[in-house]
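Let's take a walk through this structure together. Have a look at the sequence and the model first, and then we'll go through the parts one by one.

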Amino acid sequence: GELASAVKNNTSLKFGLYHSLYEWFNRMYLEDKANNFSTQQFVMSKTLPELYEIVNKYEPEVVWSDGDWEAPSFYWNATEFLTWLYNDSPVKDTVVTNDRWGSDATCHHGGFLTCMDRYQPGSKQNRKFENAMTIDKVSWGFRRNAPL
């Protein structure tokens, strides 16, 4: 809604959205995980409908995915979604993604590579990449006793 419109109509910024593929404690996700990701109740009921909705409704030019490390891309139906995103979606000509679409896809695909935390390739790269840098080397979350 309002934020997407304000960014698109009043700035030269590109509007993007962050999306976490899974919810750690969602009952459907936990059932799929217990089934070794051979079922996709969570993906079909929650994740994919949500992704299609946010792209169709807000038309982000950046879709930044996260939460990929536990399940492979076939569980997330990543190929199906990304095929639609780049070929048939309302942002097909302008969208950029990262590559966190499954545990087997990280640091391989996407407009931006998203490798490991504190990724330092050591030489000039031919592709754009994200250097995710946490302040705390132990956790992505707040820890009161974290050494700075």
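Which residue does a disulfide join to C107? Bear in mind that what you're looking at is a predicted model. In it, the partner of C107 is C115, and the two sulfur atoms sit 1.9 Å apart. A disulfide is a covalent bond between the sulfur atoms of two cysteines. Searching the whole structure turns up 1 disulfide. The link of C107 and C115 is right-handed, with 60 degrees about the S-S bond.

How accessible are the two ends of that link? C115 has 6% relative accessibility and counts as buried, because buried means under 20%. C107, with a relative accessible area of 27%, is partly exposed, as that term covers values between 20% and 50%.

Now step back to the whole chain. There are 5 helices and 5 strands, and if you read along the sequence they come in the pattern α-β-α-α-β-α-α-β-β-β. The C-alpha trace spans about 45 × 40 × 35 Å along its principal axes. Of the chain's 148 residues, 38% count as buried. As for contacts between residues at least 6 apart in sequence, 52% of them join residues at least 24 apart.

Next, find the sheet. It is an open one, made of 3 strands in the order β1-β2-β3, with parallel pairing. At the edges are β1 (16-20) and β3 (96-97), each of which pairs on one side only. Strands of a sheet pair through backbone hydrogen bonds, either parallel or antiparallel. Between β1 and β2 (residues 62-66), the parallel pairing runs over 5 bridges.

Lying across β1 and β2 you'll find helix α3, residues 41-58. The helix runs at about 175 degrees to β1.

Last stop: the empty space. Rolling a probe the size of a water molecule over the atoms shows where empty space is left. The largest pocket has a volume of about 310 Å³. Its lining takes in 15 residues, and those nearest the centre are D66, W69, R100, A132 and W140. Which strand gives the most to that lining? That would be β2, with 3 residues.

Key
Residues are numbered from 1 along each chain as its sequence is written. This is a predicted model: local features need pLDDT of at least 70, side-chain atom pairs count only at pLDDT 80 or more; totals for chains, interfaces and linings use all residues. Side-chain values use heavy atoms; hydrogens and water are left out. Two strands pair if DSSP finds at least two bridges between them. Helices (H or I, at least four residues) and strands (E, at least two) are DSSP runs, numbered from the N terminus. Contact means heavy atoms within 4.5 Å. Axes are lines fitted to C-alpha atoms, for helices over the stretch in contact, and angles run from 0 to 180 degrees between N-to-C directions. A disulfide is a pair of cysteine sulfur atoms within 2.5 Å. Buried means under 20% relative accessible area, exposed over 50%, partly exposed in between (1.4 Å probe, protein chains only). On a 1 Å grid over the protein atoms alone, a cavity is a set of points where a 1.4 Å probe fits but cannot get out, and a pocket is an open set with protein on both sides within 12 Å along at least five of seven lines; lining residues have an atom within 4 Å of a point. Grid points are joined across faces, edges and corners, and a volume is the space filled by probe spheres set on the points.
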